[in-house]
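Open the model in a viewer and keep the selection panel at hand.

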Amino acid sequence: MTSLTKIRQQQPYKWYQTMRETSPVHYNEKEDCWEIFTYDEVKRVISDYSHFSSDHKYLSADKQEKMIRHINKDSLLKMDPPEHTVFRKLVNQPFMPKSVESLEPRIAAIADDLLQAVRSKGRMDIIEDYAFPLPIIVIAELLGFPPKDRDIFKSWVDQSQNVKDEKKMNEVQKQMIGYFMQFILQRRKQPQNDLISHLISADLDGEPLSDKQLIGFCGLLIVAGHVTTENVIGNSFLSLKEFPHILPRLLENKALLPDFIEEVIRLRPSIQRVTRYTAVESEIGGKTIPAGEKVYAWIGSANRDEKKFENADQIDLGRKPNQHLSFGQGSHYCLGAPLARLEAKIALSHFFEQMSAWRFTEDQEPNLVPSPVFHGVDRLLVEF
Ligand code: HEM
């Protein structure tokens, strides 16, 4: 790994600051893409789909050829309105705030079970024992997958993070498609009260969803619904380590917990960048990007733009409104935002209530996972 890549990976926020100051709209020759670092410009790129599309069809055939095929390429994440609006409606309902609230007792029970499993050990890895299993069990149950298969889902994500090897990626995709297809066939025969059975029985203009469309939903929801929330929970603990004065304030006043979680989501967004493609020649930040280019909008940088957020690198529990871009903006605004916030609140409050006199162990420093997109740490050890 070159030292520049290492700095980008392990200290992304320093790199973002330099880019905001020196080249906020930047052409990256090596990766043949444009990168956007400042708040107003990132916000525009992720919401103005008439210029910055989610669909890679605008890339030249030559550039499309070089893309690593991904299971999510046919998912709603890669569509623009009006097609996107129709597909999004199919999955909106179980993720609306009212539906999500009804999951609270089940999420609390999962959190309690996970804490109970480690209590007698006197130590735990926040990531492996808590932040990872909690959201994967929740989303698997919602979709209808057996939660015991969670290690399979994890291995897909671990193998796909930062993959540059097409052969390896194809192998993972094959495994995912095989797993999902088997599951879809089973649910077609015996529908249950779960999201996949609901999608199987849904129709678009009188036609059922195709296998490819169903697989796209499975892949998107199982990945988007766990690794992101795992990172919100993990990054919350990481932030308590980084800003030790915050914990006593949270313990004294539990009502501050949602404000703390919102600041963690701003400071360390689980998804650091999203990708768009210029549908037409586009002016942004004083530069002109030709049509048919790939554009990375760096949310992680926008959220620390001092022009938008005072003391941007600090946690401010009184920051209102907190207009971070971590859940995106506009038509693609994150479907799972209410669920992710609820899971994080339950995970933290139950941990604080049940683990007395806990502290971070000094023996191993956590490392950021090696991904330019997902932002979280590999481990976080605590004793109690
Ligand atoms: C329960 C957990 C979650 C689920 C089920 C979920 C699901 C989704 C889905 C399905 C989309 C696509 C929406 C669309 O195209 O209409 C989406 C978008 C997005 N999600 Fe989430 N998500 C979750 C948690 C998170 C978290 C914790 C973050 C970051 C803190 C996040 C960040 C985003 C972003 C940035 C987008 C917009 C992508 C874009 O504009 O290209 N998600 N999410």
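This is a predicted model: local features need pLDDT of at least 70, side-chain atom pairs count only at pLDDT 80 or more; totals for chains, interfaces and linings use all residues.

A polar contact here is a pair of N or O atoms within 3.5 Å.

**Stop 1: the iron**

Select the iron atom of the ligand. Which protein atom is its donor? The SG atom of Cys 334 is the only protein donor, at 2.3 Å from the iron.

**Stop 2**

Next select His 84, Arg 88 and Arg 276. Which distances separate the side chains of these residues from oxygen atoms of the ligand? For His 84, an N or O atom of the side chain is 2.6 Å from a ligand oxygen. The side chain of Arg 88 likewise has an N or O atom 2.6 Å from an oxygen atom of the ligand. For Arg 276, the distance from a polar side-chain atom to a ligand oxygen is 2.8 Å. Now colour by secondary structure: helix H5 (83-92), helix H13 (211-224), helix H14 (227-242), strand S7 (273-278) and H18 each give two or more residues to the shell around the ligand.

**Stop 3: the whole shell**

How many residues surround it? There are 27, and the closest are His 84, Arg 88, Arg 276, His 332 and Cys 334. Colour the shell by class to see 15 nonpolar, 10 polar and two charged residues.

**Stop 4: two helix pairs**

Two packed helices are described by the angle between their axes and the distance between the axes.

Then select helix H7 (residues 104-119) and helix H9 (residues 133-143). Here the packing angle is about 140° and the axes are 10 Å apart. H7 and H9 are thus oblique to each other, and the crossing of this pair is right-handed.

**Stop 5: backbone details in loops**

Select Pro 81 and Pro 82 and inspect omega. The peptide bond from Pro 81 to Pro 82 is cis, with omega near 5°. Pro 82 belongs to the loop between helix H4 (61-66) and H5.

Move to Lys 320 and Pro 321. The peptide bond joining Lys 320 to Pro 321 is also cis, with omega near -5°.

Finish at Asp 32, in the loop between strand S1 (25-28) and strand S2 (33-36). What is phi of Asp 32 near? The value is near 50°, which is positive in a residue other than glycine.

How values were computed. Residues are numbered from 1 along each chain as its sequence is written. Side-chain values use heavy atoms; hydrogens and water are left out. Donors are N, O and S atoms within 2.8 Å of the metal (3.2 Å for Na, K and Ca); water is not among the atoms, so sites may look incomplete. A residue is near a molecule or strand if one of its heavy atoms lies within 4 Å of it. A polar contact is a pair of N or O atoms within 3.5 Å; within protein, one must be able to donate a hydrogen and the other to accept it, and residues adjacent in sequence count only if both atoms are side-chain atoms. Helices (H or I, at least four residues) and strands (E, at least two) are DSSP runs, numbered from the N terminus. Ala, Val, Leu, Ile, Met, Phe, Trp, Tyr, Cys and Pro count as nonpolar, Asp, Glu, Lys and Arg as charged, and the others, Gly among them, as polar. Axes are lines fitted to C-alpha atoms, for helices over the stretch in contact, and angles run from 0 to 180 degrees between N-to-C directions. Angles under 35 degrees count as roughly parallel, over 145 as roughly antiparallel, 65 to 115 as roughly perpendicular and the rest as oblique. A crossing is left-handed if the near helix is turned anticlockwise from the far one by less than a right angle, and right-handed if clockwise.
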